[in-house]
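Dear colleague,

I am handing over the structure we spoke about, and below it you will find some notes on what was found. Please read them with the structure open beside you.

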Amino acid sequence: MSKKEEDKIYYYAGKYGLYLTMLYYITSTNSFLKIKANSKNNLEHVKFYKILFNYTASFISYFYADLSYYEEMSYTNLLAILFNLSFLIVYVIFEIKIDMVDTILNILMISIASLTYFHYFYEILVDEFIFGLYFMGSNLLVLIHLVYDNYTGYKTKSNSIFNFLTNIFFTLTAICWFIYAIYKKDFYMKILFGIEIFSGFVLILGNKLFSKICENKKEGFKDITNEELINNQNLNMNNTIEFEENKPKKYENI
């Protein structure tokens, strides 16, 4: 393969990696659609920690990419930081009406963490090995939460189209950045995104299998219900007729 072709693959891997990363983060925030302005429990189903993990991973990934001069990846994670931070702010704004103490604690947590990350990764940490471990660890936290999210969906039978789309975009994003890592010859990125690709395919297959099982159960439930309903109606009719026929005979005997 010529250098020109390699550059082209690298360019498209970074470009589509950016688009797919943002699509993944968009589908990850679907729980915010459940917020109701006039509800006291409007934050009950919002996945705050999922957004927080995404924010952390994008923050650390940005500094890792900046250290390694990965321009496309730096720009992608900068957008991801702003995107996830905006949703954390939305969460805090809605939380003010519910619990002021939790609101203050969350503001302090997000602020202190952000300033600490910035100071540590920008001013102090220069060791590539330690940086690589932080980069892998933060992104694996996101993966673990995604697996847990899918598991909860299977357990409560509440998997939605958003879960499936999130798994799809997560896997496609990992594939793009894996290709990018091959071109850059980055060991940590290859390991991380290799794990994410494998895990993503497992989650997609699991999601499809779960959907099939649910469909079969629904179909089976419908068939059984109809048959039972017809049988119950016939039995009720027979019982009613019998009762009406026997009733006069009892009175006649009396």
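Tyrosine 12 is partly exposed, with a relative accessible area of 35%, where partly exposed lies between buried (under 20% relative accessible area) and exposed (over 50%), using a 1.4 Å probe and protein chains only. This is a predicted model, in which local features need pLDDT of at least 70 and side-chain atom pairs count only at pLDDT 80 or more, while totals for chains, interfaces and linings use all residues. Residues are numbered from 1 along each chain as its sequence is written, and side-chain values use heavy atoms, with hydrogens and water left out.

Tyrosine 16 is also partly exposed, at 41%, and because tyrosine 12 and tyrosine 16 are 4 residues apart in helix H1 (residues 3-28), about one helical turn separates them. Helices here are DSSP runs of H or I with at least four residues, numbered from the N terminus.

Aromatic rings of Phe, Tyr and Trp (its six-membered ring) pair if their centres lie within 6.5 Å, and planes under 30 degrees apart count as stacked, over 60 as edge-to-face and the rest as tilted. By this rule there are 29 aromatic pairs. Tyrosine 12 and tyrosine 16 form a stacked pair, 6.0 Å centre to centre with 20° between the planes. Phenylalanine 48 and tyrosine 49, by contrast, have ring centres 5.4 Å apart and planes at 75°, so their pair is edge-to-face; phenylalanine 48 is buried, with a relative accessible area of 5%.

Finally, lysine 185, which follows helix H6, has a positive phi, near 55°.

Best wishes

Key. Helices (H or I, at least four residues) and strands (E, at least two) are DSSP runs, numbered from the N terminus.
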